[in-house]
Amino acid sequence: MLIVGEELAVNVFKYAYDATGSFALTIDVDPDARKVSMEFRDSGREYNPLDKPDPDTGASISERQIGGLGIMFSKRLSDEQCYVRESGENVFTVVKSY
């Protein structure tokens with residue numbers, strides 16, 4: 001989940017804001033359910049990472065478009081993902097069972 005957290009947080013810091021904004025990360029560990037969840041909440045421009053198609057990793061490097069690998073890895077390395085736009089904020093949650 002460390003890679004997932006880093007990729008998603010860096011995406012917010014790099015792309016969400018024109019100037020300034022708020023960001024919060026909440027991490028919840030539930031040993032009874034054997035799950036870790038991370039909720040990313042930001043006041044940046046509206047963006048649902050689940051709407052972005054995964055890059056074609058079978059294409060040659062010269063044919064690939066730039067971007068999308070971090071989101072793809074985050075989806076593959078977590079078991080659940082959820083996005084909502086709530087009160088002017090992006091709220092993206094990922095869950096990993098262990």
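Reader: Which residues make up the largest nonpolar core?

Author: In soluble globular proteins, nonpolar side chains tend to be buried together. In this predicted model, the largest nonpolar core has 8 residues in all, namely V4, L8, A9, M38, F40, Y83, F92 and V94. Helix α1 gives the largest share, 3 residues, and the elements that contribute two or more residues are α1, β2 and β4 (89-97).

Reader: Taking V94 as one member of that core, with which residues is V94 in contact, leaving aside its neighbours within four places in sequence?

Author: With those neighbours set aside, V94 is in contact with M1, V4, L8, V36, S37, M38, F40, S78, E80 and Q81.

Reader: How many aromatic pairs does a search of the whole structure find, and how is such a pair described?

Author: A pair of aromatic rings is described by the distance of the centres and the angle of the planes. The search finds 2 aromatic pairs here. F13 and F23 form an edge-to-face pair, with 4.8 Å centre to centre and 70° between the planes; because F13 lies in helix α1 (residues 2-15) and F23 in strand β1 (residues 23-30), this pair ties together parts that are 10 residues apart in sequence. The rings of F23 and F40 have centres 6.5 Å apart and planes at 45°, so that pair is tilted, and since F40 belongs to strand β2 (residues 35-42), the pair ties together parts that are 17 residues apart in sequence.

Reader: Are F23 and F40 buried or partly exposed?

Author: F23 counts as partly exposed at 29% relative accessibility, whereas F40 is buried, with a relative accessible area of 3%. Ring pairs link F13, F23 and F40 into a cluster, and F40 is also one of the residues of the largest nonpolar core.

Conventions
Residues numbered from 1 in each chain as written. Predicted model: local features only at pLDDT ≥ 70, side-chain atom pairs only at ≥ 80, totals over all residues. Heavy atoms only, no water. Phe/Tyr/Trp six-rings, centres within 6.5 Å; stacked < 30°, edge-to-face > 60°. Helix = DSSP H or I, 4+ residues; strand = E, 2+ residues; numbered from the N terminus. Buried < 20%, exposed > 50% of the residue type's maximum accessible area, 1.4 Å probe, protein only. Core = buried A, V, L, I, M, F, W, Y, C linked by side-chain atoms within 4.5 Å. Contact = heavy atoms within 4.5 Å.
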